[in-house]
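Q: I would like a close look at one residue in this chain, followed by an account of the rest of the fold. Please keep it plain.

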Amino acid sequence: MAKITSPAGKTYDFKIGADPEFFVKRAGKLVSAYGLIPGNKENPYKVPKGAVQVDGMALEFNIDPAETYYEFEDHMTKVMDSITSMVPGYEIFVEPVADFGLDYIEAQPKEAKELGCSPDFNAYTKQANPRPNADTPFRTASGHVHIGWTDKPVDINDEGHLEACRALTKSLDVWLGLPSLIWDEDDRRRTLYGAAGAFRPKPYGMEYRVLSNKWINNPLLRKTVYHNTLEAIRCTFENPDYGDRQFYGMTARQIISKEGGWLNAAVAAFEYDGIKTPKHYR
């Protein structure tokens, strides 16, 4: 278990989980996964090391929180094996975007067409992100990362807890959001979900909502996501203003969101030779 002590002297135990989504094909054609397996948002279907459910036109699974990388990898592989075994005759399609076409989507049940549930938030503006537009010919799949550190459930509206979530999210933009641009080049998902700084507070900690599902089917990327999450945690809880520093979280936001000046910010991030830069850019 990752134990990190803050400058104030408080020690935290961290656990890491995930709740990825993916699509399915039948006879080589994308089809809706609605109704294929038991479980939904309110009542996930328990399987060894996690749970599974239908999420709109996609399938989703979540893993039990892991205390080590080996647990994380074990939980990911076991739950992925469980959910794929529940849909014999279907091919797993692990991509951030699935082009179904408007006619096909419009023919789906109302529950399958809905996008979004409870809102997520922007760590930089402190505001709720807008509800995504459902009138698109495609659907998207995410690979959210969950981080837990509280001794007991906390109020998700507590300002102290929200501030901790925001600080960690900015660091995660540096350690996960930026590297993900290398392995996930599809910007269409980011028009609906996964904007820089996207998070959701949880009673046990927080959910980082920037990543797509692109990492879940690759052992090396799964390892990267786990260890880079730990690096972000360490940077944040040892130095709470890490994500607000120049060339760190604020620059990460510019690059991920392609805001004005983002190319200059990207060049600066790669060339900067100041205090502890991320390993990817050394």
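What is the relative accessible area of K49, and is K49 buried or partly exposed?

A: K49 has a relative accessible area of 34%, which makes it partly exposed. Buried stands for under 20% relative accessible area and exposed for over 50%, with partly exposed in between, computed with a 1.4 Å probe on protein chains only. This is a predicted model, in which local features need pLDDT of at least 70 and side-chain atom pairs count only at pLDDT 80 or more, while totals for chains, interfaces and linings use all residues. Residues are numbered from 1 along each chain as its sequence is written, and side-chain values use heavy atoms, leaving out hydrogens and water.

K49 sits in the loop between strand 4 (45–47) and strand 5 (50–55). Helices (H or I, at least four residues) and strands (E, at least two) are DSSP runs, numbered from the N terminus. Although K49 is not a glycine, its phi is positive, near 75°. A27 is another non-glycine residue with a positive phi, of about 55°. A27 belongs to the loop between strand 2 (11–26) and strand 3 (29–31). With a relative accessible area of 82%, A27 is exposed.

The wider setting comes next. The chain has seven helices and 13 strands, and 51% of its 282 residues are buried. A contact is a pair of residues with heavy atoms within 4.5 Å. Of the contacts between residues at least 6 apart in sequence, 72% join residues at least 24 apart.

In soluble globular proteins, nonpolar side chains tend to be buried together. A nonpolar core is a set of buried Ala, Val, Leu, Ile, Met, Phe, Trp, Tyr and Cys residues joined through side-chain atoms within 4.5 Å. The largest core here has 58 residues, and F61 and W215 touch the most other members. Helix 4 contributes the most to this core, with nine residues. Leaving aside residues up to four places away in sequence, F61 touches several residues, including F22, V52, M76, M80 and I216. A separate core has ten residues, among them F23, M57, F93 and A141.

Helix 4 is mostly covered, as 19 of its 25 residues are buried. The expected span of a helix is 1.5 Å times one less than its number of residues. At the start of helix 4, a side-chain oxygen of D158 comes within 3.1 Å of the backbone nitrogen of G160.

Helix 5 has 14 of its 20 residues buried, so the rest of the structure largely encloses it. Its 20 residues should span 28 Å, and its end C-alpha atoms are 29 Å apart, in agreement. The N-terminal end of helix 5 is capped by N218, with a side-chain oxygen 2.9 Å from the backbone nitrogen of L220.

Charged pairs remain. A salt bridge is a side-chain nitrogen of Lys or Arg within 4 Å of a carboxyl oxygen of Asp or Glu, and by this rule there are 20 salt bridges. In one of them R222 pairs with E73, with the closest N and O atoms 2.6 Å apart. R222 is in helix 5 (residues 219–238) and E73 in helix 1 (residues 69–85), so this pair ties together parts 149 residues apart in sequence. R222 and E73 are both buried.

D99 and R188 form another salt bridge, at 2.8 Å from N to O. D99 lies in strand 8 (residues 97–99) and R188 in the loop between helix 4 (159–183) and strand 12 (198–202), so the pair ties together parts 89 residues apart in sequence. D99 is partly exposed at 45% relative accessibility, and R188 is partly exposed at 32%.

R166 and E163 are three residues apart, or about one helical turn. R166 is buried at 6% relative accessible area, whereas E163 is partly exposed at 35%. Salt bridges with shared partners also join D120, R200, K202, E207 and R209 into one network.

Terms used
Polar contact = N/O pair within 3.5 Å; in protein donor to acceptor, adjacent residues only side chain to side chain.
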